[in-house]
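Please look over the structure shown below. A short briefing follows, covering the whole fold first and then one residue.

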Amino acid sequence: YDKDIWSYYTERDSCTCLEDCLEVFFKPFKDKDSYYNFEINALGTVYDAFNLKRGAGSHRWAMWDCENLKVAVNIKGKINDPDIEDEYWQLEIGIPFSSLPTLEGKAPKEGDIWYFHLARYDYSIHLPGGVELSSTAPLNRADFHYYEEWIPLEFTK
């Protein structure tokens, strides 16, 4: 839910975290530093990154593009109009496992455990501080890239 939906970036790999966006993180291997970061704003603009090592230059990893990524956005309201109170925006994302370099074209197997996290940036004129960060992972600090506290995701049939 979002009373003030706004996003302006339309170019792939723009800094979408500076406006309303949802981030999806995956870390397929606990013993490796690499992980995937997908940020999608309310316009459906994609920032996708294959991070080889956290902290080693965040936007450097955005040169990778996830082939065949699918994104759909639904808005109930009027984006980028602060005079109209919006209701919500929804995001649907389809990430093809075959496009993730560390999987070498293979899908996860039953019993595989990845580490997963959804994060949200909500910038709004209706929020006391102007921004709200939310997370599915129980993070002890405001760092969405802190994968040590992401949620385990087990693949089943």
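How many helices and strands are there in the protein? The protein has 0 helices and 8 strands, where helices (H or I, at least four residues) and strands (E, at least two) are DSSP runs numbered from the N terminus. This is a predicted model, in which local features need pLDDT of at least 70, side-chain atom pairs count only at pLDDT 80 or more, and totals for chains, interfaces and linings use all residues. Residues are numbered from 1 along each chain as its sequence is written, and side-chain values use heavy atoms, leaving out hydrogens and water.

**Overall form**
- The order of elements from the N terminus is β-β-β-β-β-β-β-β.
- The C-alpha trace spans about 50 × 35 × 35 Å along its principal axes.
- Of the 157 residues, 41% are buried, meaning under 20% relative accessible area with a 1.4 Å probe, protein chains only.

**Charge**
- There are 16 positive side chains and 28 negative ones, with Lys and Arg counted as positive, Asp and Glu as negative, and His and the chain ends not counted.

**Aspartate 20**
- Aspartate 20 sits in the segment before β1 (21–27).
- Although buried, aspartate 20 has no salt bridge (a side-chain nitrogen of Lys or Arg within 4 Å of a carboxyl oxygen of Asp or Glu).
- The nearest side chain of opposite charge to aspartate 20 is arginine 120, 4.9 Å away.
- Leaving aside residues up to four places away in sequence, the residues that aspartate 20 touches include Asp2, Trp6, Ile40, Trp89 and Tyr121, a contact being heavy atoms within 4.5 Å.

Note on methods: Buried means under 20% relative accessible area, exposed over 50%, partly exposed in between (1.4 Å probe, protein chains only). The place of a charge is taken as NZ of Lys, CZ of Arg, CG of Asp or CD of Glu.
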